[in-house]
Amino acid sequence: MGFQCLKIESKDPRLDGIDSLSGTEIPLHYICRLANHAIHLVVFHERSGNYLWHGHLRLKGHMDRKFVPFRKLRFGRYPGAFDRPELQQITVDGLEVFIPKDPVHFLEEIPHSRFIECRYKEARAFLQQYLDDNTVEAMAFRKNAKELLQLAAKTLKKLGVRFWLSSGTCLGWYRQCNIIPYSKDVDLGIFIQDYKSDIISAFQDVGLPLKHKFGKVEDSLELSFQGKDDIKLDIFFFYEETDHMWNGGTQAKTGKKFKYLFPKFTLCWTEFVDMKIHVPCETIEYIEANYGKTWKIPVKTWDWKRSPPNVQPNGIWPISEWDEVIQLY
Amino acid sequence: MDDWKPSSLIKPFGARKKRSWYLTWKYKLANQRALRRFCQTGAVLFLLVTVIVNIKLILDTRRAISEANGDAEPEQDYDEALGRLEPSRRRGSGPRRVLDVEVYSSRSKVYVAVDGTTVLEDEAREQGRGIHVIVLNQATGHVMAKRVFDTYSPHEDEAMVLFLNMVAPGRVLICTVKDEGSFHLKDTAKALLRSLGSQAGPALGWRDTWAFVGRKGGPVLGEKHSKSPALSSWGDPVLLKTDVPLSSAEEAECHWADTELNRRRRRFCSKVEGYGSVCSCKDPTPIEFSPDPLPDNKVLNVPVAVIAGNRPNYLYRMLRSLLSAQGVSPQMITVFIDGYYEEPMDVVALFGLRGIQHTPISIKNARVSQHYKASLTATFNLFPEAKFAVVLEEDLDIAVDFFSFLSQSIHLLEEDDSLYCISAWNDQGYEHTAEDPALLYRVETMPGLGWVLRKSLYKEELEPKWPTPEKLWDWDMWMRMPEQRRGRECIIPDVSRSYHFGIVGLNMNGYFHEAYFKKHKFNTVPGVQLRNVDSLKKEAYEVEIHRLLSEAEVLDHSKNPCEDSFLPDTEGHTYVAFIRMEKDDDFTTWTQLAKCLHIWDLDVRGNHRGLWRLFRKKNHFLVVGVPASPYSVKKPPSITPIFLEPPPKEEGAPGAAEQT
């Protein structure tokens, strides 16, 4: 038909998680041009976690960099993840095409669709050095933590609240692409501006009662829900300052306040325990702020009051407020 | 003037001091204007040139860096660069028109070198005995096949004849003997060697050494032979060096019609030999099969994982049968190869299927189990929507109604939690003990050999605790353990839908195959309608068993159960016999019975709550273990359960049983 086409292929990332499997490459993008027009065909692949993934548009050495103005393309700067849309067939200009049933939702996802892959190679290296814990307790914990995380994700998604993996859960993803067996709880982060008052009741409704609530919306808010088998779901609310982010902590006994400082970050999608979930795009800075440069070394006894390098004492709650800011159940 | 005295400030004019050679040279030069000018200009020019070259270098490097970065992606993906490096093994089509071949034959070592590259070298002790055969592509010199036939042992010469007959005419054949290759080299093989033009091959004697280079159907290119002087000694080592003229590419290839299939065929046939008529010029075997579509195919979207190693000729046979099965979806098939072997990948590419190679981890059976784990995880990653996966091995023939069988039974795996798997293999289904292709059983074992795995079982239970690489366990033995199986059962057909033909393998050998696999019954009837599938659910099966037992005629327990006369000469009846089974794990009598009936007796398979079901003389034969089986209540009080005593343990009785 006279089109000139360019095909971008790469290794299948779905095989990356497994020890050195190499298969054929999968197509990621096709760009076809004719005169002054170009068609950019983005190939979406299904991945575990019920989402669609598309790859990064990276030109190999011999490809023509002037083929089309690549910088103007909407897709391809980063790999992207999208909820699987249901499609409907419509007619446009006499052509029958498929579009998502909810085109607005799909278009809204595009600017926030950036996806980062888990570091499987580094995770394998880590597990070779520090052998993975395969005891029954570890496996049971992983199973329960995964279920808890999925339940929390479903609940928050229904409320429309954005969240990401924080603290120990984030470290587990970054360091070993899996849940750390001795981490004892599941940690999530939510921007305080995304807070909704129905979060607590929504979790209650799915069987996760509130265990404690520290702080208040204006300052150092922190929620903790009780899951099955003694696993907690900790939600840390992040506050934004001009040049950094922080979340608060409270020591129930003494009313002492703590502040954990983080450099500013944006959210990216990733795949973790068969789910599409957010993590900070600038993960290494986030991890290092929370765990220091020695995050690669497993530490089984972590004191959240003293161990993190980014912790700062932040004063103390006035006793008059204790009823409001320290609620234990 | 008389009063002029030399000034003390001025040095007296005396003999000139020895001036430094530099100063001498400098002044000398300084006095020659032209030379000075010239040097100065030269120096300035040199400086200019250096500066220009440096600037150019900087600009070039910067451009190269920015090009390599592409779309502002900071990380360099060196894997990408590696991927682009195609290992070019093919000889260039340059002026080389001759191959320099060296062949060495001796008692303990053989080697073959082509143009200086060693393509075969075997000096390991206690292995590689016999005739080594290498087939080279006559246009490129590329090694197309490498085989060894232990013609000291029986039947290997027949295999060699078969192989050599399948090699395309014109191919370069290289033969070399290691240790001994004549003892069972019979007339047919010798005649074949004679037809290749060999003089020494047909006359090969005890412990002779022999090296041969020739063409299939064409002339001998070189031969060397050394007779062994005495029975107790070997022939001298011989080293044969010849030049093999290369033919043109067109002469080496067939001229098939230019279709996509034939392009695949051509790629395959120019790389690999030993696959017979698929590469035949005149009448090539088809590589695409159009089996009948399966109406209402419930397994159309179930991924199929073929777990393969390095037995490409087995893989070839297996894939042919798989692709001929009714209802197969080729795009759902993935072949997982344990190791970076070329020939199995070539076979996969021949059939246009997807192949994935796996870096092998660990050793022996642990290597196999790690390969299974990687393959199963990858399968569920590549097909995230799938709720099941079909697991096959490369040494199985697949029945034509394999997918039809699965399509009719898969809903059981979905609806009944007490099921562990569906398998196409009946451990006790031999030619004399299996009759009814429409019949299904529930059994307390996991037979493997063509089975369906539920994704939730794998992801939630098996994958998290799959044996780690240092545990030398068989993956299937591990899966059969009570900690994994947890009292669940598998559905099997009476007549197996897979046939295990592998003779060579980690746990296989010829004798094992003859004894336990050769006479296995295999279904060849297409489109079998399974009978009463829903009666295989947990409670419904018990109802069915009770019905069967009520209708079954009780046999005469005074007769010997091993004899054929134990059952009357009828057909289509149902009989029941009661054997002694003290406890749930007392299989003494059963094992003896299995032994004398020549069915699987290496461990206990096929039982369901102390009940075995099979066929004898085309009658349905039920065996109930009393009193351990809950079906013991059906035993008439007058009947004494049969007890078969194991023979007294002899010296050197076999130890733990080997499983596939």
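Analyst: Buried is used here for a relative accessible area under 20%, exposed for over 50%, and partly exposed for values in between, with a 1.4 Å probe and protein chains only. The model is predicted, so local features need pLDDT of at least 70 and side-chain atom pairs count only at pLDDT 80 or more, whereas totals for chains, interfaces and linings use all residues. Side-chain values rest on heavy atoms, with hydrogens and water left out.

Over all chains the structure holds 56 salt bridges, each defined as a side-chain nitrogen of Lys or Arg within 4 Å of a carboxyl oxygen of Asp or Glu. One of them joins A:Lys157 to A:Asp83, with 3.4 Å from N to O. This pair links distant parts of chain A, since A:Lys157 belongs to helix 3 (residues 136-159) and A:Asp83 to strand 7 (residues 80-83), 74 residues apart; helices (H or I, at least four residues) and strands (E, at least two) are DSSP runs numbered from the N terminus. A:Lys157 is exposed at 57% relative accessibility, while A:Asp83, at 19%, counts as buried.

A salt bridge also connects A:Lys232 and A:Asp185 at 3.7 Å, N to O. Because A:Lys232 lies in strand 14 (residues 232-240) and A:Asp185 in strand 11 (residues 185-191) of chain A, the pair ties together parts that are 47 residues apart in sequence. A:Asp185 is buried, with a relative accessible area of 15%.

In A:Glu9 and A:Lys7, the closest N and O atoms of the salt bridge are 3.3 Å apart; A:Glu9 is partly exposed at 27%, and A:Lys7 is partly exposed at 39%. Finally, a network of salt bridges links A:Glu46, A:Arg84 and B:Glu385.

Methods. Residues are numbered from 1 along each chain as its sequence is written. Chains are lettered from A and ligands numbered from 1 in the order in which they are written.
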